[in-house]
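Here is a short report on one protein chain. Look through the sequence and the model first, then read on.

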Amino acid sequence: MAVVTHELEKIHNSYERLQLKTLVPCNCETCKNLTTPHSYSLDSLKERLNARRYQIECDKSYEMVDIHRLIDDVMFQPVRADGEMNPQVAQLQNELERKRDESLTHRLRNSNQQEKLIINSQSVMEFEKEIFISYAWGGESEQFVNQLDQTLQAKGIKIIRDKRDLSYKGLIKAFMERIGRGKCALAIISDKYLKSPNCMFELVQIAKNGQFYDRIFPIVLADAQIYKPVARLKYIKHWEEKIKELDEAMREVGAANLQGFREKIDQYTEIRKMIAELTNLLTDMNTLTPDIHSKSEFEELLNAIAQRLDE
Ligand SMILES: [Zn+2]
């Protein structure tokens, strides 16, 4: 659980000069297990993002940490098992919301100037022009997304990335549903993506909201075996096994308090129902290889997106 500290620095004994410094806890592998993880000042993280630095080195592990994720970890901190919001996290979330509002007001005041968004969650209000990206964390998929993200940001286009690998709880689910409604969503399809409940939930959301063909911009990575029917069947089997596994596990416990599990089974079942159709649609689409995309600096993709956003 994240530990968030608010440091009050008293200067010259004056209440007016009290400074509130918001610290964001590190989420690297080393810090995750520490009771006092390394922490970063929110302001300095934001400055880094403004300067288009997307990573920062942890002082404890010397690992490079993704800044969007540090902030997302706090923004999308799920509720604790006992249903109570961690008060410290709630406080930091308020702080982030407040900063976001300030920034939005600021942007409205300077509406002539094209001001860049500082953190991705700020764009919540800009439904229409949002470009969402749905991808599985780690490996080639994430490297590709980082590259895409940087190229697009350099051209002044923001994309909305969200947090993966989290259990389904309020905010996360709402966020995923929002991706589903977005006018335009990039999907980086990999083997991991097709097996991930969170990723597939997003894909199903995109499909359920209609106009799948117009709204989705798929990029199919080499390890996603969607072009061979036999390999595609393996994904169907994967989801059938997941449903079976969960179903059997549920039978072993009492019938009460299974709400979260039932919801999951329903989600898996929905994915199972749609995966054949969705992967089939994806194979029909004219998707470029990741190599061609990055070599051309995503030119073709950008043109297609621009066209879609102007519709
Ligand atoms: Zn760390």
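## A first residue: V65

Is V65 buried or exposed? V65 counts as buried, because it has 20 C-beta neighbours inside 10 Å. The rule is simple: a residue is buried if 20 or more other C-beta atoms lie within 10 Å of its own, exposed if 12 or fewer, and partly exposed in between, with C-beta atoms placed from the backbone.

V65 is found in strand β5. Helices (H or I, at least four residues) and strands (E, at least two) are DSSP runs, numbered from the N terminus. Leaving out residues up to four places away in sequence, V65 touches C26, N27, C28, Q55, I56, C58 and L70. Such a contact requires C-beta atoms, placed from the backbone, that lie within 7 Å. Q55 and V65 are 10 residues apart in sequence, yet their C-alpha atoms are 5.2 Å apart in space.

## What kind of model this is

This is a predicted model: local features need pLDDT of at least 70, side-chain atom pairs count only at pLDDT 80 or more, and totals for chains, interfaces and linings use all residues. Residues are numbered from 1 along each chain as its sequence is written.

pLDDT is the predictor's confidence in each residue, from 0 to 100. The chain averages 72, and 66% of the residues score at least 70. Among the elements, strand β1 (residues 6-9) has the lowest mean pLDDT, 37, while α7 has the highest, 93. Residues 1-19 have pLDDT below 50; this stretch has 30 contacts in the model beyond near neighbours in sequence. Residues 103-128 also have pLDDT below 50, with 26 contacts counted in that way.

## The chain as a whole

The chain has 13 helices and 8 strands. Of its 311 residues, 28% are buried. Take the contacts with a separation of 6 or more: 66% of them join residues 24 or more positions apart.

## The parallel sheet

Three strands form an open sheet in the order β6-β7-β8, and the pairing is parallel. Two strands pair if DSSP finds at least two bridges between them. Strands β6 and β8 are the edges, each pairing on one side only. The twist averages 20 degrees from one strand to the next. Axes here are lines fitted to C-alpha atoms, for helices over the stretch in contact, and angles run from 0 to 180 degrees between N-to-C directions.

How many bridges join β6 to β7? There are 5. S134 stands opposite A187 in β7. Strand β8 is largely enclosed by the rest of the structure, because 4 of its 5 residues are buried.

## Helices on the sheet

Helix α5 lies across β6 and β7, running at about 160 degrees to β6. Helix α8 packs on the sheet and touches β6, β7 and β8; its direction makes about 140 degrees with that of β6.

The buried residues of α8 include M200, F201, L203 and I206. The expected span of a helix is 1.5 Å times one less than its number of residues. The 12 residues of α8 should therefore span 16 Å, and its end C-alpha atoms are 16 Å apart, which agrees. Just after α8, G210 takes a positive phi of about 80 degrees.

## Two nonpolar cores

A nonpolar core is a set of buried Ala, Val, Leu, Ile, Met, Phe, Trp, Tyr and Cys residues joined through C-beta atoms within 7 Å. The largest one has 35 residues; A185, L186, A187, I188, I189 and Y193 touch the most other members. Elements that each supply at least two residues include β6, α5, β7, α8 and β8. Strand β7 gives the largest share, 6 residues. A second, separate core has 13 residues, among them V24, C26, L49 and L70.

Most residues other than glycine have a negative phi. Y62 has a positive phi of about 60 degrees although it is not a glycine. Y62 lies in the loop between β4 (55-57) and β5 (64-66). Y62 counts as exposed, because it has 9 C-beta neighbours inside 10 Å.

K46 sits in helix α2 (residues 42-50). With 16 other C-beta atoms within 10 Å, K46 is partly exposed. K46 and I71 are 25 residues apart in sequence, and their C-alpha atoms are 9.4 Å apart in space.

How values were computed
Contact = placed C-beta atoms within 7 Å.
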